[in-house]
Amino acid sequence: MTFPRLLLAATLTAAGLLTSGCAGYRESRGYILDEQLASAVQVGTDNKTSVEKTLGRPTFTGQFNDNEWYYVSRNTSTLAFRDPKVTEQTVLRVRFDAAGNVTSVDRTGKDQIASIDPYGRTTPTLGRRKSFFEEFFGNIGTVGGVGAPGAGQGQ
């Protein structure tokens, strides 16, 4: 092989390796929702046991109410090194009464996704701002003082 052909082969190989990192990919996360099984859950007929047998264990339960079960499914696509973009999302919420019977089945989609933009690089807090030296020297004379927390322990 001559030098120009070797250089051309090396250049094409390097270009192929560099552009292969730019390929996009799709990913599915969470519960894979089967439409027939989801529509089989009926209000007033099913209970927690039958829903668990039909749909399986929920993705998560309600934070303040154990009688709300959530099944979350999300599909994303990513191109190269960019952040993933949600292409499809389904949240199936099943509510139960105190006896464990289904009272409602709700479904939401991608429209419920909230986009939160952080404010700057720091989080604003209430109170007054202290300088480095106020923070560093602020406790001189207060540690172990009378009436301070921890004073008089071990005596």
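Biologist: Which backbone oxygen does the side chain of Ser73 reach?

Modeller: The one on Tyr31, at a distance of 3.0 Å. Bear in mind that this is a predicted model.

Biologist: Thanks! Where is Ser73 placed?

Modeller: Ser73 belongs to strand β3.

Biologist: And is Ser73 buried or exposed?

Modeller: Ser73 is buried, as its relative accessible area is 14% and buried means under 20%.

Biologist: What does Ser73 touch, leaving out residues up to four places away in sequence?

Modeller: Ser73 touches Arg29, Tyr31, Glu88, Gln89 and Thr90.

Biologist: Let's zoom out a bit. How many helices and strands does the protein chain have?

Modeller: There are four helices and five strands in the protein chain. Reading from the N terminus, the order is α-β-α-α-β-β-β-β-α.

Biologist: Back to β3, then. How do β1 and β3 run, and how many bridges join them?

Modeller: They run antiparallel, and seven bridges join β3 to strand β1, which covers residues 24-30. If you want a spot to look at, Ser28 stands opposite Asn75 in β3.

Biologist: How many bridges are there between β2 and β3?

Modeller: Two bridges, again in the antiparallel sense, with β2 covering residues 60-61. Phe60 is the residue opposite Tyr70 of β3.

Biologist: Which residue in β4 does Glu68 stand opposite?

Modeller: Arg95. The side chains of Glu68 and Arg95 also meet in a salt bridge, at 3.3 Å from N to O. Since Glu68 lies in β3 (residues 68-79) and Arg95 in β4 (residues 85-96), the pair ties together parts that are 27 residues apart in sequence.

Biologist: Is Glu68 buried or exposed?

Modeller: Glu68 counts as buried, at 14% relative accessibility.

Biologist: How many salt bridges turn up in a search of the whole structure?

Modeller: Five. One of them brings together the side chains of Arg107 and Glu35, at 2.8 Å from N to O. This pair links distant parts of the chain, 72 residues apart, with Arg107 in strand β5 (residues 102-108) and Glu35 in helix α2 (residues 35-40).

Biologist: What are the relative accessible areas of Arg107 and Glu35?

Modeller: Arg107 has 41%, which makes Arg107 partly exposed. Glu35 has 48% and is partly exposed as well.

Biologist: Which side chain does Arg57 meet in a salt bridge?

Modeller: That of Glu52, at 3.5 Å from N to O. Arg57 counts as exposed, at 64% relative accessibility, whereas Glu52 is partly exposed with a relative accessible area of 32%.

Biologist: New topic: helix α3. Which residues in α3 are buried?

Modeller: Helix α3 spans residues 48-55, and its buried residues are Ser50, Val51 and Leu55. They sit on the same side of α3, because they cover an arc of only 110° around the axis.

Biologist: Why would residues three or four places apart in an α-helix point the same way?

Modeller: An α-helix has 3.6 residues a turn, so residues with that spacing point the same way.

Biologist: Nice. What do the buried residues of α3 pack against?

Modeller: They pack against α2, β3, β4 and β5.

Biologist: Which residue caps the N-terminal end of α3?

Modeller: Asn47 does, with a side-chain oxygen 3.2 Å from the backbone nitrogen of Thr49. After α3 comes Gly56, which has a positive phi near 90°.

Biologist: Last one, for the chain as a whole. What share of the residues is buried?

Modeller: Of the 155 residues in the protein chain, 19% are buried. The chain exposes about 12700 Å², and carbon and sulfur atoms supply 55% of that area. As for contacts with a separation of 6 or more, 44% are between residues 24 or more positions apart.

Conventions:
Residues numbered from 1 in each chain as written. Predicted model: local features only at pLDDT ≥ 70, side-chain atom pairs only at ≥ 80, totals over all residues. Heavy atoms only, no water. Salt bridge = Lys/Arg side-chain N within 4 Å of Asp/Glu carboxyl O. Buried < 20%, exposed > 50% of the residue type's maximum accessible area, 1.4 Å probe, protein only. Contact = heavy atoms within 4.5 Å. Areas by Shrake-Rupley, 256 points an atom, 1.4 Å probe, with all protein chains shown as cover. Polar contact = N/O pair within 3.5 Å; in protein donor to acceptor, adjacent residues only side chain to side chain. Pairing = 2+ DSSP bridges. Arc of directions from axis to C-beta.
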